[in-house]
Amino acid sequence: MTNKNVKGTLITLFFTVFIDLLGVGIIIPVLAPLFLDPAVGLFDVSETPAHRLLILGLLTATFPLAQFFGAPILGALADRYGRKKLLALSMTGTLIGYFLFVLGIVEQSLLILFLSRALDGFTGGNISIAMSSIADISDEKSKPRNFGLIGMAFGLGFIIGPYIGGKLSDPSVVSWFSYTTPFYFAALLSFISILMMLFLYKETLQHRIERAVSFTTGFVNLGKAFLTPRLRTIFIVSFFLTFGFSFFTTFFQVFMVQKFSYNQSQIGDMFAYIGLWIAFTQGGLVRPVSKKLSPTQMMLFAIPVLAVALTALMLPDKSWMLYTIMPFIAIGQGFISTGTSTIT
C-alpha cells in the first residue's frame with residue numbers, strides 16, 4: 001500500500017471512529033429530557049416518572065446489548081470478507097439507525113426508538129474493526145502514532161458529541177432546533193463517512209481468515225476472560241466499575257433535570273466538561289504518574305477517588321457545585337481506564 005493510500009485510510013478510520021463516538025455523545029443530553037418532557041408525547045400523560053425512567057433504562061441498555069451480539073459477528077465477517085465491506089455496512093446501519101430514531105420521535109413510537117438503538121448497536125462494532133485495520137497497516141515504528149490518532153478521535157467524539165447534541169436540540173439556541181436535529185446532523189456525518197470509506201479507504205486485510213460466525217461468540221469470549229486466572233480478577237473489577245459508571249452516565253442527566261432543572265443544552269455542556277477533564281487526565285496526567293506508580297497502584301488510587309466523588313454528587317444544593325466535583329470523577333475514571341487497559 002502506498003503512502004497516499006495509507007494516509008487516506010488513516011483519515012477515513014479517524015473520521016469513522018470520531019463519528020461513532022460522536023453519535024454516542026450526541027444522544028447523552030437528549031434522552032433524559034426527551035423522556036421527561038410531557039410535550040414529546042412518547043407516553044400517556046398519566047404515566048409516572050418511575051415508568052418513564054424504567055423505559056429510559058431499557059432503551060439505553062438496548063444499544064450495548066445488541067453490540068454484545070453484533071460486534072463479534074462483524075469482527076469475524078471482517079476477517080473473512082475484508083475490513084472495507086464490513087466498515088461500510090456498519091456505518092450504513094448507523095445511518096439508518098439515526099433516521100429511525102428521528103422517525104420514532106416524530107411518530108412518538110417507543111417501538112421504533114428501540115428498533116433504532118438495536119440496529120445501531122448490532123451494526124456498531126466498527127471500532128474493533130477499525131483497530132484491526134490500524135494493526136494491518138502499522139509497523140512497530142508507526143503503531144503508537146496510528147493508534148494514538150484513533151485514540152484522539154475517540155476522545156474528541158465523546159467531548160464534542162454531548163455539546164453538539166445539547167445545542168442542536170435546544171430551540172432557545174435556534175428556533176427550529178428540536179430533539180430530532182442532532183440525529184439529522186449525525187446522519188449527515190455518517191453519510192460522509194460512508195463516502196470516504198468507498199473512495200478513500202483501501203482494503204487493509206492481506207490474508208483472509210475463516211472464523212466461525214455465531215451469536216454465542218460474545219458469551220464464549222466472556223467465559224474465556226473469566227476462566228483465565230491471570231485476567232479473572234481484573235475483569236471482575238472492570239465489570240463492577242463499568243457497571244457502576246454506567247449508572248452515572250445514564251442517570252446523572254436525570255438527576256440534573258429533576259434537581260437543577262437543566263435542559264439538554266446544559267446537560268451537553270456538563271458532559272463535554274467531563275470529557276475535557278478525562279482527556280486532560282489521559283493526555284497530561286497519566287504519563288508522569290505512570291513513571292512513579294504501577295497500573296495496579298493507579299487503580300488503588302483512582303477507585304477511591306471515583307467512589308468518593310460519585311458519593312459527593314448527593315451533596316450540592318447549587319448547580320455550580322457540580323462543576324467542582326466533576327474533575328475528580330473524570331480524573332478517577334481516566335486513571336481507571338488507563339490502568340485496566342494496561343493490565344489486560
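Arg83 is buried, and Asp79 is buried too, where buried means under 20% relative accessible area, exposed means over 50%, and partly exposed covers what lies in between (1.4 Å probe, protein chains only). These two residues form a salt bridge, with the closest N and O atoms 2.5 Å apart; a salt bridge here is a side-chain nitrogen of Lys or Arg within 4 Å of a carboxyl oxygen of Asp or Glu. Salt bridges with shared partners tie Asp79, Arg83 and Asp136 into one network.

A word on the model itself. It is predicted, so local features need pLDDT of at least 70 and side-chain atom pairs count only at pLDDT 80 or more, while totals for chains, interfaces and linings use all residues. Numbering runs from 1 along each chain as its sequence is written, and side-chain values use heavy atoms, with hydrogens and water left out.

Back to Asp79, which sits in helix H2 and has a relative accessible area of 9%. Leaving out residues up to four places away in sequence, Asp79 touches Leu205, Arg208, Ile209 and Arg211, a contact being heavy atoms within 4.5 Å. His207 is 128 residues from Asp79 along the chain, yet the C-alpha atoms of the two are separated by 8.4 Å. Helix H2 covers residues 49–81 and also holds Gly57. The C-alpha atom of Gly57 is 9.9 Å from that of Ala32, and the two residues are 25 apart along the chain.

Zooming out, the chain has 12 helices and zero strands. Helices (H or I, at least four residues) and strands (E, at least two) are taken as DSSP runs, numbered from the N terminus. The radius of gyration of the chain is 20 Å, close to the 20 Å that the globule rule gives for 344 residues, so the chain is as compact as a globular protein of that length. That radius is taken over C-alpha atoms, and the rule is 2.2 Å times the number of residues to the power 0.38. Along its principal axes, the C-alpha trace spans about 60 × 50 × 35 Å.

How much of the chain is tucked away? Of its 344 residues, 47% count as buried. Among contacts with a separation of 6 or more, 80% come from residues 24 or more positions apart. The chain exposes about 16,800 Å², with carbon and sulfur atoms supplying 70% of that area; accessible areas come from the Shrake-Rupley method with a 1.4 Å probe, and for residues only the protein chains shown count as cover. As for charge, the mean positions of the 23 positive and 15 negative charges are 13 Å apart. Lys and Arg count as positive and Asp and Glu as negative, without His or the chain ends, and each charge is placed at NZ of Lys, CZ of Arg, CG of Asp or CD of Glu.

The structure holds four salt bridges in total. One of them pairs Asp120 with Arg117, with the closest N and O atoms 3.4 Å apart. Both residues lie in helix H4 (residues 110–122), three residues apart, or about one turn of the helix. Asp120 is buried at 5% relative accessible area, and Arg117 is buried at 9%. Another salt bridge brings together the side chains of Asp269 and Lys167 (3.2 Å, N to O). This pair links distant parts of the chain, with Asp269 in helix H10 (residues 264–290) and Lys167 in helix H6 (residues 143–168), 102 residues apart. Asp269 is partly exposed, with a relative accessible area of 25%.

Two loop residues have backbone angles worth a look. Most residues other than glycine have a negative phi. Gln108, however, has a positive phi of about 55 degrees although it is not a glycine. Gln108 lies in the loop between helix H3 (83–106) and H4, and counts as partly exposed at 41% relative accessibility. Ser261 also has a positive phi, near 55 degrees. Ser261 is in the loop between helix H9 (229–260) and H10, and is exposed, with a relative accessible area of 60%.

Finally, there is Thr12, in helix H1 (residues 3–36). Thr12 is buried, with a relative accessible area of 0%. Beyond its neighbours within four places in sequence, Thr12 is in contact with Met196, Met197, Leu200 and Tyr201.
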